[in-house]
Amino acid sequence: MTAQDSKLGDTDDKIFVGKGNEQAWLTLAFANRHGLVTGATGTGKTVSLQVMAEGFARAGVPVFAADIKGDLSGISEVGVPADFIVKRATEMGLTFEPDQFSTVFWDVFGEQGHPVRATVTEMGPLLLARMLDLNDVQEGVLNVAFRVADDNGLTLIDMKDLRALLDAIVPDAGKKGTDAEDSPLAEIKKAAQGFGNVTQATVGTIQRQLLVLENQGATKFFGEPALTLKDFMKTDRDGRGMVNILVADKLLQSPRLYATFLLWMLSELFEELPEAGDLPKPKLVFFFDEAHLLFNDAPKALMDKIEQVVRLIRSKGVGVYFVTQNPVDVPDRVLGQLGNRVQHALRAFTPRDQKAVAAAAQTFRPNPKLDTAKVIMELGKGEALVSFLEGNGTPAMVERVMIRPPSARIGPITPEERKAIMDASPVKGKYDTAVDAESAYEMIQKRIAGTAATADPGAAGGIGGGGILGQIGSMVGTIFGTNVKRGRLSTGQVIARDVTRSVTNQVIGGMAANIGKSVAGQLGGSIGRTLVRGALGGLLRR
């Protein structure tokens, strides 16, 4: 523990949050048991969030927080010893020492922070269906699309990949029998129909919902380079945790995108991090502002996933803190997982508000010295009812405390200050330029173009073109009659075609694997499969 930390009140294993009749300490060993910060607008939730974020950073715990209004950005700049701040610190027995914390800004739109991207595959059909507000039938078709993509090596990275895939799985209207088999995407369409009826109407609805999502900015979110979540889990050269701030003022205008994005982040952390058990302090603390957006109209499947992630992610060493106006915004089965509570003032002007206050009071361990429901309505700005886990992990009795002042600046930073921080960022240049790698869209276009090319016997790279693959294809085509203009095949040619398909599919699998191993990059295998399909595509489609 440094001298400066001693002056601020923190210890090696606890964060000093506030003081009333008793001091309020957040124990680091219980910080991964999650928490809740609630209160009406303007009662001091953001300051409480900043105080806890500063404490975690001092303890070497990285922080990720969504910043809705821009006020949290001040944590990156040195605090100003204003009179009211110094007075409050003195009343608590603290020596106010201005401080600042290493900060990285992120922004889905890439305007006020480093771009944040994920691939469509990483998002998955469940979260994507939530984002698109799809019904059960539409979600089922989306699941079919993802399954077909997996089975056919079609990597889904961005929105155009998903659009191309959805178009590819729709049956060709009016085409049957051999005409349907002529389609360059016949295998994809047949595979999709094998999982159930995929109709043009359902796919059209999904495509329209994708347009809505694109208009909200999702085109910038889906792509590469995709975010590496370990870039959140870093310390600076002084051993303090990095504070990662998601600029969310514009993102909040698309609430479904905002909520689904943050849930995706939690899910990725849950899947990527190893089991850690009970640690002396968390690996990462995650603050989820406007948390009610996550639960609004969430279908059962999504609620089950949220509950599972919240319940199990603590064993990965991650603490999740929901920030919202009222505890009733959070479903009971999730609320029961949130052991550390900070409740700012609520106002009760209507019978509904009064019920909400009563419900909030019941979430605390009672204190015989306090009428919790009454105090909630009397709290002043900067005051809160606090109950943190203690001892063997049981909630302490609720206490009325004054939240300590932050050490960094309170309020937003200037555009010039933000630019200076981004220019010195440890991830500068890593995510700032989008990369359009070969993926499903390009692969599907190659299939279509490959069919057109094979219609011309002299087309380079086709069955009749140059190269060893072209010569092999030409010989096989001559033997089995598959390199002539398509007409009605004889029985012998039909049998030969089926045998050829079976044998060549096995050959292609081996060749694609070998080519994929020799091609650098995560799409090497897909590129290998695409090259081989391009060479022998005409034969396989007959």
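Where in the chain is His34 placed?

Analyst: This is a predicted model, and the values below are computed from it. His34 sits in the loop that joins strand 2 (23-27) to strand 3 (35-38). Its backbone has a positive phi of about 75°, although the residue is not a glycine. Most residues other than glycine have a negative phi.

Most peptide bonds are trans. Pro225 lies in the loop between helix 10 and strand 7.

Asp99 pairs with Arg240, with 2.8 Å between the closest N and O atoms. Arg240 is in the loop between helix 10 (218-221) and strand 7 (243-247), whereas Asp99 is in the loop between helix 3 and strand 5 (103-107); the pair thus links distant parts of the chain, 141 residues apart. Both partners are buried: Asp99 has a relative accessible area of 10%, and Arg240 has one of 17%.

Arg314 and Asp278 form a salt bridge in which the closest N and O atoms are 3.6 Å apart. Because Arg314 lies in the loop between helix 13 (300-312) and strand 9, and Asp278 in the loop between helix 11 (255-272) and strand 8 (284-289), this pair ties together parts 36 residues apart in sequence. Arg314 is partly exposed at 30% relative accessible area, while Asp278 counts as exposed at 58%. The second pair is Asp304 with Arg333, whose side chains meet at 3.0 Å, N to O. Asp304 belongs to helix 13 and Arg333 to helix 14 (residues 332-335), so parts 29 residues apart in sequence are tied together. Asp304, with a relative accessible area of 29%, is partly exposed, and so is Arg333, at 34%. Salt bridges also occur as a network, in which Asp158, Lys160, Asp436 and Glu442 are linked. A search of the whole structure finds 20 salt bridges.

His344 is found in the loop between strand 10 (340-343) and helix 15 (351-362), and it is buried, with a relative accessible area of 0%. The side chain of His344 makes a polar contact of 2.6 Å with the side chain of Ser48. A polar atom of the His344 side chain also lies 3.4 Å from the backbone oxygen of Gly44.

The largest pocket holds about 670 Å³ of space. It is lined by 30 residues, and those closest to its centre are Gly44, Lys45, Thr46, Val47 and Lys381. Helix 2 (45-58), helix 3 (83-91) and strand 9 (318-324) are the elements that give two or more residues to the lining. Helix 2 supplies the largest share, six residues. By class, the lining comprises 11 nonpolar, 12 polar and seven charged residues.

Finally, the setting of these features is the chain as a whole, which has 21 helices and 14 strands. Among the contacts in the chain with a separation of 6 or more, 75% are between residues 24 or more positions apart.

Definitions and conventions. Residues are numbered from 1 along each chain as its sequence is written. This is a predicted model: local features need pLDDT of at least 70, side-chain atom pairs count only at pLDDT 80 or more; totals for chains, interfaces and linings use all residues. Side-chain values use heavy atoms; hydrogens and water are left out. On a 1 Å grid over the protein atoms alone, a cavity is a set of points where a 1.4 Å probe fits but cannot get out, and a pocket is an open set with protein on both sides within 12 Å along at least five of seven lines; lining residues have an atom within 4 Å of a point. Grid points are joined across faces, edges and corners, and a volume is the space filled by probe spheres set on the points. Helices (H or I, at least four residues) and strands (E, at least two) are DSSP runs, numbered from the N terminus. Ala, Val, Leu, Ile, Met, Phe, Trp, Tyr, Cys and Pro count as nonpolar, Asp, Glu, Lys and Arg as charged, and the others, Gly among them, as polar. Buried means under 20% relative accessible area, exposed over 50%, partly exposed in between (1.4 Å probe, protein chains only). A polar contact is a pair of N or O atoms within 3.5 Å; within protein, one must be able to donate a hydrogen and the other to accept it, and residues adjacent in sequence count only if both atoms are side-chain atoms. A salt bridge is a side-chain nitrogen of Lys or Arg within 4 Å of a carboxyl oxygen of Asp or Glu. Contact means heavy atoms within 4.5 Å.
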